[in-house]
Amino acid sequence: MVTLLDYGAGNVRSVVNAIQSLGHSVRFVQSPEDILSAKKLVFPGVGAFGAMMRVLRNKGFVEPLLRYLEADRPFLGICLGLQALFQGSEEDPGEEGLGFFKGMVRRFRVNLAVPHIGWNGIKPRKPSALFHGLDGEEKFYFVHSYHVDPEDSEVILTTTDYGREFVSAVQKGRVAAVQFHPEKSGSVGLRILKNFLEALEAPSVLPAKAPARTQLAKRIIACLDVRSNDQGDLVVTKGDQYDVREKGVVRNLGKPVELARRYYEEGADEITFLNITGFRDFPLKDLPMLEVLERTSEKVFVPLTIGGGIRDYVDKDGTKYSALQVASAYFRSGADKVSIGSDAVLIVEDVRRTGKTTGRSAIETISRLYGSQAVVISIDPRRVYVASPREVPHHVLETQIPGPQGERYCWYQCTIKGGREGRPVDAVTLARVCEELGAGEILLNCIDRDGTNLGFDLELINAVKEAVTLPVIASSGAGCAEHFLEVFTQTRAESALAAGIFHRNEVPIGAVKAFLRGKVPIRPTPHGTPQR
Ligand code: 1PR
């Protein structure tokens, strides 16, 4: 029996699923006594440092937690659950931490995108029972803007490099804590959890290898466009330039949960579900989509993003739902991030028209509560050619791919409702304003390239990437493994997403990774996955 300290700040479903997948049952801390009677305590932290400490204090958990830790009983802190062990954090300077370890939590001051999101390695500083079964080259999933800075170097278990070297795990006796998310780090993360749950008393070991420097991997994301087909079944479909019908019938490329599991096993670094009719239907009434997430998160231990229909909504009975409520339902069902498409365009139009933000938009409300890393903006732009940059009041770029009349300039028009309606805002401006509003990542589609296998639109990606510091996911047009190398070497995109080639089994994820290996930093695929 594992005791889980959930202080109610966000989704702990994936930690519970990960522990249960290892054959252990979970009980939640309801009262201070539950902490003292725990045999093994796992503390996954989500949200902000100050809010977490206030909840711990209000619930009377601080004193029993310290007694538990000081008695050297088995403890695993995850992410904010690591940071809580220190004296305080720059995130909320007035708020005291547990102070079990001396030292502070500091904001990343690096010349790179913050938060640090993605798969990075670890450099062990001392042996630990947590390392059993690791060879040292593994990568783990991180998402954080702050890192711990212990005064006592003896407690440092691992470090990681991201613009600087930072402490990514600590251990003292049976009290261990990691900055990365084992529950989102595939089989190697599960191995760490298993070692904590089953082998904490085993002899300490060091992995066979240790990287001299760790590198953040470029992420390969599998995308599943989901909708009901004409028979009413929820299917994975795929469009050609957003047209998902072939001879009038919705293409059916498989079942969402099964495909997501397959991609996880093949080494996808993340899975994205897009409910492509979300602009019409209302997701909270569309229980199958919530169920897809619940079932996927039982077996898939990498980050999950869900998009489609994240917006304020009034149903036909006049009941109002906020975008935040929709997003919360998705987080509770196992999503790590939500992606906002149509609504982001309308929000940005509003901000530009009024010259101010309201604080009430979907982007602002969701990022305030769940953090910016939980809010992805999905952009569906279409290329519009112009003869001269002065022709339109938009961000225009000079293109190497001239238009039908030989035009040398183009802009990228944002669309809503799955490409059905063009709006008077360009993709570069949209990305920039969404960053100001608190978005954490951009999913950059391209209607012209979608489903064409012609490769990513590098001009579009470079234009957006130059305008924002946010991580960008390049999407649309991947036709072969070389296209991934192209996008990672000719743009600064952090991730690349594909759909058609994976669904049709033309190029498995393993083959993409095998091709990229040694050329760009990637997370190795699990052993034995298809590469051809
Ligand atoms: O507007 O917030 O309700 O969200 C709707 C979401 O559904 C948006 O993120 C939008 O991109 C997506 N969507 C709407 N209609 C379609 C459609 O295809 N008819 N799918 C659609 C967009 C785009 C991709 C695709 C890549 C890679 N799919 O993400 O997976 O282009 O494809 P490829 O590798 O096969 O080229 P809202």
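Start your tour at the largest cavity by selecting Leu130, Phe131, Leu157, Thr158, Ala169, Val178, Phe180 and Ile192, the residues that line this space. A cavity here is a set of points, on a 1 Å grid over the protein atoms alone, where a 1.4 Å probe fits but cannot get out, and a lining residue has an atom within 4 Å of a point. The volume of this cavity is about 30 Å³, where volume means the space filled by probe spheres set on points joined across faces, edges and corners. By class, seven of its lining residues are nonpolar, one is polar and none is charged. (Ala, Val, Leu, Ile, Met, Phe, Trp, Tyr, Cys and Pro count as nonpolar, Asp, Glu, Lys and Arg as charged, and the others, Gly among them, as polar.)

A word on what you have open: this is a predicted model, in which local features need pLDDT of at least 70 and side-chain atom pairs count only at pLDDT 80 or more, while totals for chains, interfaces and linings use all residues. Residues are numbered from 1 along each chain as its sequence is written, and side-chain values use heavy atoms, with hydrogens and water left out.

Next stop, the largest pocket. A pocket is an open set of grid points with protein on both sides within 12 Å along at least five of seven lines. This one holds about 890 Å³ of space. (Helices, H or I with at least four residues, and strands, E with at least two, are DSSP runs numbered from the N terminus.) The lining has 22 nonpolar, 15 polar and eight charged residues.

Now move to the second largest pocket, with a volume of about 720 Å³. Of its 46 lining residues, Asp225, Tyr242, Leu274, Ile276 and Asp380 are the closest to the centre. Which element gives the most to this lining? That is β14, with three residues. By class, you will find 13 nonpolar, 20 polar and 13 charged residues here.

Keep this pocket on screen and show the ligand, which sits in it (more than half of its atoms lie within 2 Å of the grid points). β14 (219–228) and β30 (495–498) each give two or more residues to the shell around the ligand. Of the 26 residues around the ligand, pick out Lys238, Ser342, Ser378, Asp380 and Asp450, which come nearest; a residue counts as near if one of its heavy atoms lies within 4 Å.

- A side-chain N or O atom of Asp450 lies 2.6 Å from an oxygen atom of the ligand.
- A polar backbone atom of Gly309 is 2.8 Å from an oxygen atom of the ligand.
- A backbone N or O atom of Tyr242 is 2.8 Å from a nitrogen atom of the ligand.

Stay on Tyr242, in the loop between β15 (234–237) and β16 (245–246). What is phi of Tyr242 near? It is near 75°, a positive value in a residue other than glycine.

For the last stop, select Val114 and Pro115, joined by a cis peptide bond with omega of about 10°. Pro115 is in the loop between β6 (103–107) and β7 (116–121). Most residues other than glycine have a negative phi, and most peptide bonds are trans.

Technical notes: Polar contact = N/O pair within 3.5 Å; in protein donor to acceptor, adjacent residues only side chain to side chain.
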